[in-house]
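User: I have a model to go through with you. I want each label set against its rule.

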Amino acid sequence: MPLNSYGVLTARVIDVRRETGDTPHYQIHLVDNEDRHYRAAVNVESSQQPSDLLYFAADNFQHPLTAALPPAGSGWNKLASQPGGAALDYLRANVVTREQMRPVPPDAEGPNNDLADFLDHYVRRAQQDPTATAYLYGEPWGPEDTPDKIFGFQPGNGVHNIHMNQGNSQQYQEDDGVWQDGGLLLHFASENRWVAVFLAFQTQAWHTDDETGHALPAPEDTEAASIRVVAAMVNPVGGGRENETITLLNTSDHTISLAGWTLADAQKNTMPLPVPDIAAGQTLQIPATDGFQLGNDGGQITVLDPQGLKVHGVTYTAEHASTEGRTVQF
């Protein structure tokens with residue numbers, strides 16, 4: 001069963017609070033354009049071992065979903081858990097990989113060495129920047145009849161589950177779902193720059209069922225992860241669909257069989273790979289076939305093995321595709 005409700009809160013950061021104790025959170029106080037107050041409770045420690053959360057921050061986040069976000073400062077916005085809009089899915093939207101993330105302790109002596117420090121680096125800067133807007137993905141709570149227990153505003157109101165919400169261990173499997181992951185985006189309008197912070201528990205799986213979001217076994221062939229999407233021609237001169245191409249690279253030291261492999265776009269349209277294998281170090285340029293969408297308004301390309309499990313994936317924005325005839329490099 002997925003989260004009870006899912007969406008994104010967009011508001012201004014006005015205060016933060018670092019918690020310690022049995023269930024510590026990084027607490028953020030926000031206010032929207034209608035002067036409604038909210039608290040975002042960000043997990044910084046897992047109740048299951050290993051307790052350190054996985055963390056990754058993108059200082060210059062570029063992804064098509066930013067164009068679909070609700071208006072800045074509009075408060076809580078419910079989102080449909082489906083592709084093609086603003087909903088977040090770590091795996092299916094190709095926003096972050098397990099390899100990019102690293103475990104970080106919730107709190108440690110010294111500067112810039114724990115999760116609260118890393119969150120402070122971005123969130124306090126957003127607090128000090130009058131042009132900055134926060135977007136927090138997760139599950140809402142409230143309004144409550146009592147004042148907020150951390151910041152004291154009334155009514156209590158906020159968002160939690162600001163982390164990956166699929167592939168959970170059996171204890172938390174009821175929260176699993178697709179297109180309902182949590183995360184933090186910060187838009188610094190004066191710089192026209194996005195920062196993204198993604199969090200996950202080390203117990204979560206990075207291959208999940210497309211319907212339930214429940215954990216699936218990892219691919220048996222770990223060498224398959226050596227196949228990478230390295231480039232694409234998404235806006236060819238003249239706009240002809242027949243000239244759109246995707247380029248793959250085998251980064252391993254041996255030939256890999258591609259029998260039964262497919263490419264998927266943002267809407268899960270698929271096309272088979274046209275050759276039986278790819279040699280070590282070889283690149284493969286694949287023409288896009290009918291039905292596979294490489295739109296000029298942004299998109300994504302995902303490599304799937306014969307079991308339909310994700311091997312690699314990339315995204316591109318409308319800005320990336322704006323120059324006709326330019327190859328997008330990933």
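User: What makes strand E11 and E20 a pair, and in which sense do they run?

Analyst: Strands pair if DSSP finds at least two bridges between them. E11 (residues 227-233) and E20 have two bridges, so they pair. The sense is antiparallel. Ala 231 stands opposite Gln 329 in E20. Strands here are DSSP runs of E, at least two residues long, numbered from the N terminus.

User: What are the ground rules for the model?

Analyst: This is a predicted model, where local features need pLDDT of at least 70, side-chain atom pairs count only at pLDDT 80 or more, and totals for chains, interfaces and linings use all residues. Residues are numbered from 1 along each chain as its sequence is written, and side-chain values use heavy atoms, with hydrogens and water left out.

User: Why are E17 and E20 at the edges?

Analyst: The open sheet has four strands in the order E17-E12-E11-E20, with antiparallel pairing. E17 (283-287) and E20 (328-329) each have a single partner strand, so one side of each lacks a neighbour in the sheet.

User: How many salt bridges cross the interface of domain 1 and domain 2?

Analyst: Zero, by that rule. Domain 1 covers 7-201 and domain 2 covers 223-329; such bounds come from an automatic or database domain assignment.

User: What is in contact across the interface of domain 1 and domain 2?

Analyst: Contact means heavy atoms within 4.5 Å. By this rule, 10 residues of domain 1 touch 14 residues of domain 2. Gln 62, Pro 64 and Asn 94 supply 58% of the area that domain 1 buries against domain 2. Buried area is the accessible area (1.4 Å probe) that two parts lose on being put together, summed over both. For domain 1 and domain 2 this is about 850 Å², 45% of it on carbon and sulfur atoms.

Conventions: Salt bridge = Lys/Arg side-chain N within 4 Å of Asp/Glu carboxyl O.
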